[in-house]
Amino acid sequence: MTNDFASRVQRQIERLQHCSYRDIEAEVAQKRRAWFQQPDRITRPDRPTPRQAFDLLFFDYIGLSPSDLPIVSETDNEIVWQSANPCPTLEAVKALGLDTRTVCRATREKSTQAFVSQIDPQLRFLRSYEEIRSHAAYCREMIVRVDFEAMMRPAIEEAQISRQEGNKGYGALVVLGQRILSRAHDTAITQGDPSLHAEVNAIRQAVQVLGEANLSGAILFSTCEPCPMCSSLAVWANLTTIVYGASTEETAQLGQPCIHVSAREIVEKSSVMIEVIDGVLREECLALYR
């Protein structure tokens, strides 16, 4: 172990001993975002590929070599690799008797997505927590492209079903990578329960599918901006991203009832890092409420 690597391990040990996971996550994310803000840092292609994001993250930013990250498979929309590089975080976790499945998910998953989202938010970073060091000889990781418009269309279909059933016409999905975990619509009227918004139903279903309450890495798609209740549930579920079509301000102008607190406000007042992306198929979503 070189002196430089040993000192990096010691710094990680001290951070894990004295900082919360949330603080470490925020610090790492800010550092990675700042890298892009330097003048003339990179020229972004019009439609970045998973391979380009992979190269930028590991070779340009972190400074690893291809031999550290053997690629398992690659297509235009996905790249999968096995990380086997010397890792200060891994060594620090081992020294402290912690579990990488907990520490890396809490400190490195969303902060890595923050980096990837600077390139293109439709590129998503995912990690297998079954194949992760020190529980395996490598960390299996990937970057996949998720077509936001394609994922919003089933949410619109759910909203149309909602109207047909006599509800208010909202639809939502929870997506992990390219896998749809759940799709749902609001059932508050037909089931006589005002909490049953589309997002609530979708998140509850996704939790049942995964068998855990932590939805880190997943995206919530909604035809309309989630209300404060649904945005708060996204926080408690630790979702990585909220994507919606029409804003509550826009639907309010069309006569839809709303609480005038935005999803971004809810997220910003929480300690959870969640991206909020608006305007995906905005006109098609607005048409649901005209």
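Ala172 has Ala184, in S6, as its bridge partner. The model examined here is predicted. Strands S5 and S6 pair in the antiparallel sense, over 6 bridges. They belong to an open sheet of 5 strands, ordered S6-S5-S7-S8-S9, with mixed pairing. S6 and strand S9 (275–277) stand at the edges; each has a single partner strand, so one side of each lacks a neighbour in the sheet. From one strand to the next, the twist averages 15°.

Helix H9 covers residues 198–210. Its 13 residues should span 18 Å at 1.5 Å a residue, and the end C-alpha atoms are 18 Å apart, which agrees. Buried residues of H9 are Ala198, Glu199, Val200, Asn201, Ala202, Ile203 and Ala206. These residues pack against strands S5 (171–176), S6 (179–185) and S7 (218–224), and against helix H10 (228–236). Gly211 follows H9 and has a positive phi, near 75°.

In soluble globular proteins, nonpolar side chains tend to be buried together. The largest nonpolar core here holds 47 residues. Phe148, Met152, Val174, Phe221, Leu239 and Val243 touch the most other members. Helix H7 (residues 148–165) supplies the largest share of this core, 6 residues. A second, separate core has 17 residues, including Phe54, Phe58, Ile79 and Ile143.

Neighbours within four places in sequence aside, its contacts include Ala202, Ile203 and Ala206, which are among the buried residues of H9. Val174 is also in contact with Arg179, Ile180, Leu181 and Ser182. Further contacts of Val174 are Ala218, Ile219, Leu220 and Leu239.

Terms used. Residues are numbered from 1 along each chain as its sequence is written. This is a predicted model: local features need pLDDT of at least 70, side-chain atom pairs count only at pLDDT 80 or more; totals for chains, interfaces and linings use all residues. Side-chain values use heavy atoms; hydrogens and water are left out. Helices (H or I, at least four residues) and strands (E, at least two) are DSSP runs, numbered from the N terminus. The expected span of a helix is 1.5 Å times one less than its number of residues. Buried means under 20% relative accessible area, exposed over 50%, partly exposed in between (1.4 Å probe, protein chains only). Contact means heavy atoms within 4.5 Å. A nonpolar core is a set of buried Ala, Val, Leu, Ile, Met, Phe, Trp, Tyr and Cys residues joined through side-chain atoms within 4.5 Å. Two strands pair if DSSP finds at least two bridges between them. Axes are lines fitted to C-alpha atoms, for helices over the stretch in contact, and angles run from 0 to 180 degrees between N-to-C directions.
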